[in-house]
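Subject: The structure I promised you

Hi,

Here is the structure for you to look through.

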Amino acid sequence: MKKNHDDDNNNNAQQSKDTTVGILDSRFNQTLRNVQGLLKGRNIPGKILLSQRVGSPDYSSLSSPTYVRNSSYSDTGTSDHTSERVEKEAQSTSKSFGTPNENKLKVSASNVESLSEEVQKSSLGARATDSARVVKFTKVLSGTLVVLEKLRELSWSGVPDYMRPTVWRLLLGYAPTNSDRREGVLRRKRLEYLDSVAQYYDIPDTERSDDEINMLRQIAVDCPRTVPEVSFFQQEQVQKSLERILYTWAIRHPASGYVQGINDLVTPFLVVFLSEYLKGAIDNWSMSDLSSDQISNVEADCYWCLSKLLDGMQDHYTFAQPGIQRLVFKLKELVRRIDDPVSSHMEEQGLEFLQFAFRWFNCLLIREVPFHLVTRLWDTYLAEGDALPDFLVYIFASFLLTWSEQLQKLDFQELVMFLQHLPTKNWTHQELEMVLSRAFMWHSMFNNCPSHLAN
């Protein structure tokens, strides 16, 4: 009788285990179907592989393209063939996803040369569809009323350079979607900025408080340090524009005031809006080629777009920056779920995520990637809209785990040095698209399944 009772218990336990695995399998397959649907309706760049990690990409042989602004645009959109590969390789992981010891999602870097070649082919194939993408953007933008959701879907995968100023103004809600109102609203907003500069910036120090004087001095110190690797930002007129924008913004946003790192956030806007007036390589640009009206228009657009961006993450820059601390904690948890070996190794070495990821959230990776990739990265940022803070967690997890294998071999001091000087100098759009693709896949799989992120 006892033996029969034990057998019954074992059978019940096995059935319970099978049921649990079945539920996890079902959830995974449902998530997979959702991802497939999203991939079919959304042009996600790059290529996603889901299988056991066996190696780490070596991009040392890749060189960064010259940062030249023109009307051409390389869109590494996902082809139908790539989507099929994603489906097949994701399905191949579904069997092991529900088992206790194999429930960590991995991004494969096996056969790196083949992967790199396929991404390059995707880029080449996408260039042939540039005109088609431009037509889609033109169609969305030419209507009397721009449908923001359609514009976001297109912009997520990158915006053609010459359309970027218009698109960014719309995505941030600075320019109205109604084209009949747009010119008047921009004119009024630009005049409002000029009034603010006259009221707060163009005054003697005797009319400022001690705190305001100290804040202006700090901004004046930080501006020359902004994007030091790009010579354009070392021009005195450029630094003066940055100073006016930052000081005016800080005075009008007393809850946070100026925080170091916000100076970096102005630079993508400055480059994009200057591109409406200055052509060619950014290293050949000169602010002296612009009229005072053009400079004030650019500054105003930067000011208002910075304001709109930071409106969605206000607690990132208030006292103690609680918003950033919260996101760093989420990043730590997500990395633990995706790549436990890396998470465990960093914990064993005593490395806290705040020691490196705080700067990532504070400056939105501007200091971590080559500047010529920043505007492409920000296309995706701005396309996310109000969901950006949460999506940053997935982008930064994907960014960090690009070096999963290397990180596991480093001790504490080496980890600190490596993460402070990441080997991204020679990155091209291909590496960036890979980071964004992984982030999109993980977000699709985890964000709507909180149980996957539960302790």
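Below is what turned up, going from the whole chain to single residues.

One thing before you start: this is a predicted model.

**The whole chain**

The protein has 19 helices and 2 strands. Of its 455 residues, 53% are buried. If you take the contacts between residues at least 6 apart in sequence, 80% of them join residues at least 24 apart.

Nonpolar side chains tend to end up buried together in soluble globular proteins. The largest nonpolar core here holds 119 residues, and the members that touch the most others are Phe-233, Phe-269, Leu-309, Phe-361, Trp-378 and Tyr-381. Where does this core lie relative to domain 1 and domain 2? Domain 1 (181-312) and domain 2 (322-448) both give residues to the core, so it lies between them.

Have a look at Phe-361 in particular. Apart from its neighbours within four places in sequence, Phe-361 is in contact with Tyr-317, Ile-324, Leu-327, Val-328, Leu-331, Leu-392, Val-393 and Phe-396. Phe-361 also belongs to an aromatic cluster, together with Phe-353, Phe-356, Trp-360, Phe-396, Phe-399, Trp-403, Phe-418 and Trp-427.

**Aromatic rings**

There are 22 aromatic pairs in total. One of them is Phe-232 with Trp-285, an edge-to-face pair with 5.6 Å from centre to centre and 90 degrees between the planes.

Another ring to find is that of Trp-304: the charged end of Lys-189 sits over it, 4.0 Å from the ring centre.

**Helix α11**

At 1.5 Å a residue, its 20 residues should span 28 Å, and the C-alpha atoms at its ends are 28 Å apart, which agrees. Helix α11 is also mostly covered, with 14 of its 20 residues buried.

Leu-216 is in helix α8. Its relative accessibility is 13%, and buried means under 20%, so Leu-216 counts as buried. Which residues does Leu-216 touch, not counting those up to four places away in sequence? They are Tyr-201, Asp-205, Arg-208, Glu-243 and Tyr-247. The C-alpha atoms of Leu-216 and Thr-248 are separated by 9.8 Å, though the two are 32 residues apart along the chain.

His-345 is in helix α13 (residues 340-348), and it counts as buried at 12% relative accessibility. Leaving out neighbours within four places in sequence, His-345 is in contact with Leu-407, Gln-408, Lys-409, Leu-410 and Leu-415.

**Two positive phi angles**

Most residues other than glycine have a negative phi. Here are two with a positive value. Ala-320, in the loop between α11 and α12 (322-338), has a phi near 70 degrees. Leu-364, in the loop between α14 (354-363) and α15 (374-384), has a phi near 55 degrees.

Happy exploring!

Terms used. Residues numbered from 1 in each chain as written. Heavy atoms only, no water. Phe/Tyr/Trp six-rings, centres within 6.5 Å; stacked < 30°, edge-to-face > 60°. Lys NZ or Arg CZ within 6 Å of the ring centre and 35° of its normal. Core = buried A, V, L, I, M, F, W, Y, C linked by side-chain atoms within 4.5 Å. Buried < 20%, exposed > 50% of the residue type's maximum accessible area, 1.4 Å probe, protein only. Domains from an automatic or database assignment. Contact = heavy atoms within 4.5 Å. Helix = DSSP H or I, 4+ residues; strand = E, 2+ residues; numbered from the N terminus. Expected span 1.5 Å × (residues − 1).
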